[in-house]
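Trainee: I have a model open on my screen and would like to learn how to read it. Could you walk me through some features, one at a time?

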Amino acid sequence: MKTIFITGASTGLGKATAMHFAGQGWNVTATMRSPEKETELIKYNNVLVTRMDVQQPESIHRAISEAVERFGQIDVLINNAGYGAVGVFEAATEKQIHNQFDVNVFGLMRVTQALLPHFRANQKGMIVNISSQGGRITFPLTSLYHATKFAVEGFSESLSYELASQNIRVKLIEPGIVKTPWYSSAERLHNELLSDYNDFTESFNKGFEKFIQKNAHLQATAEMVAQTIFRAVTDESDQLRYPAGHDAEETLNLREQLNDEEFKAYVHSQVLD
Ligand SMILES: NC(=O)c1ccc[n+]([C@@H]2O[C@H](COP(=O)([O-])OP(=O)(O)OC[C@H]3O[C@@H](n4cnc5c(N)ncnc54)[C@H](OP(=O)(O)O)[C@@H]3O)[C@@H](O)[C@H]2O)c1
């Protein structure tokens with residue numbers, strides 16, 4: 001039986017992925033910052049729920065040791081933990097900027113580096129990084145978040161060359177918009193002194209709401225993204241990128257067809273009121 005190790009499995013895509021793999025008979029290590037709150041995943045015999053904060057190196061090493069002790073080995077790492085900083089860049093504090101990168105990029109790198117010795121010892125392994133369509137395209141008012149996902153894309157693509165030499169595959173999942181607690185948990189970047197941006201922010205908030213409603217039929221559920229992750233893990237291919245959701249597929253296809261100015265004009269027409 002194979003074993004998967006997931007970060008940020010308390011809610012949203014991480015939890016749906018943990019449930020999906022557990023349902024498919026995999027051993028699952030579902031890591032999260034507050035495991036004491038988890039009530040569903042603890043019911044599975046093949047799921048280990050344990051504490052891990054991607055910003056705390058000791059918690060990463062401890063969770064990996066626990067997983068190996070319980071299941072013998074880890075075959076696949078899913079780097080899923082992440083959050084969004086939403087608002088005008090100028091309003092962001094130094095701490096908010098650092099924290100956004102510390103969780104979404106450096107946290108992912110920390111967990112990856114902590115698991116690589118284990119994968120090399122096993123002479124195989126797989127790393128699945130949960131990026132976003134927003135790792136290749138951008139919407140307004142999420143510049144820091146996009147910066148982290150663009151970083152994850154470049155990191156993963158380059159890393160895949162050296163890890164192929166060790167029989168370790170790297171994959172990227174690029175979900176479109178998925179209903180999860182992501183938006184409600186997002187960090188708001190706000191500074192009352194920056195009222196010059198108010199008209200723009202209002203226009204985006206209205207336009208984006210309409211955009212989400214108009215495209216609701218194209219958006220994947222967390223369970224659908226979990227299915228895409230399962231396919232990426234099991235398809236035996238060297239495919240690097242997996243858009244998840246028809247919205248992501250359409251948007252990323254369009255990005256390839258248009259030049260920068262055309263694509264920016266398209267985004268403007270879609271999300272600004
Ligand atoms: N939802 C979307 O539309 C969408 C689209 C594209 C990509 N994504 C990406 O998918 C991933 C999962 O997001 P989601 O939509 O499922 O959002 P979510 O429901 O808010 O889940 C985010 C998870 O990350 C965890 N997390 C945050 N900071 C952490 C830290 N320092 N250490 C460990 N875990 C931490 C959260 O844990 P706590 O419960 O402890 O806060 C939670 O388990 C993220 O990387 C996100 O950027 C989401």
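Predicted model: local features only at pLDDT ≥ 70, side-chain atom pairs only at ≥ 80, totals over all residues.

Trainee: In which loop does Leu141 lie, and how are helices and strands defined?

Mentor: Helices (H or I, at least four residues) and strands (E, at least two) are DSSP runs, numbered from the N terminus. Leu141 is in the loop between β6 (125-130) and α4. Its phi is near 65°, a positive value in a residue other than glycine.

Trainee: Is Leu141 buried or exposed?

Mentor: The general idea is a set of cut-offs: buried means under 20% relative accessible area, exposed means over 50%, and partly exposed is in between (1.4 Å probe, protein chains only). Leu141 has a relative accessible area of 15%, so Leu141 is buried. Pro140, at 17%, is buried too.

Trainee: Where is Glu236 found, and is Glu236 buried or exposed?

Mentor: Glu236 sits in the loop between α7 (222-234) and β9 (241-244). With a relative accessible area of 64%, Glu236 is exposed. Phi of Glu236 is near 65°, again a positive value in a residue other than glycine.

Trainee: What about Thr39: which loop holds it, and how far is its C-alpha from that of Ser10?

Mentor: Thr39 belongs to the loop between β2 (27-32) and β3 (47-51), and is exposed at 52% relative accessible area. The C-alpha atoms of Thr39 and Ser10 are separated by 9.8 Å, although these residues are 29 apart along the chain.

Trainee: Now the rings, please. How many aromatic pairs does a search of the whole structure find?

Mentor: First, the rule: rings of Phe, Tyr and Trp (its six-membered ring) pair if their centres lie within 6.5 Å; planes under 30 degrees apart count as stacked, over 60 as edge-to-face and the rest as tilted. Searching the whole structure gives 11 aromatic pairs. One of them joins Tyr145 and Trp182, edge-to-face, with 4.9 Å centre to centre and 65° between the planes. Tyr145 is in helix α4 (residues 143-164) and Trp182 in helix α5 (residues 182-185), so this pair ties together parts 37 residues apart in sequence. Tyr145 is buried at 11% relative accessible area, whereas Trp182 counts as partly exposed at 26%.

Trainee: Why is the pair of Phe204 and Phe208 stacked?

Mentor: The pair is stacked because the ring centres of Phe204 and Phe208 are 5.0 Å apart and the planes are at 20°. Both residues lie in helix α6 (residues 198-214), 4 residues apart, about one turn of the helix. Both Phe204 and Phe208 are buried. They also belong to one aromatic cluster with Phe139 and Phe211.

Trainee: Which ring does the charged end of Arg188 sit over?

Mentor: A charge sits over a ring if NZ of Lys or CZ of Arg is within 6 Å of the ring centre and within 35 degrees of the ring normal. Here the charged end of Arg188 sits over the ring of Tyr183, 4.6 Å from its centre.

Trainee: Let's turn to the ligand. How many residues surround the ligand?

Mentor: A residue is near a molecule if one of its heavy atoms lies within 4 Å of it. The ligand is surrounded by 27 residues, and the closest are Ser10, Leu13, Arg33, Tyr145 and Thr180. Helices can be checked as well: α1 (12-23), α4 and α5 each supply at least two residues of this shell.

Trainee: How is the shell around the ligand divided by class?

Mentor: Ala, Val, Leu, Ile, Met, Phe, Trp, Tyr, Cys and Pro count as nonpolar, Asp, Glu, Lys and Arg as charged, and the others, Gly among them, as polar. The shell has 12 nonpolar, 12 polar and 3 charged residues.

Trainee: Which side chain has a polar atom 3.0 Å from a nitrogen atom of the ligand?

Mentor: That side chain belongs to Asp53.

Definitions and conventions: Residues numbered from 1 in each chain as written. Heavy atoms only, no water. Polar contact = N/O pair within 3.5 Å; in protein donor to acceptor, adjacent residues only side chain to side chain.
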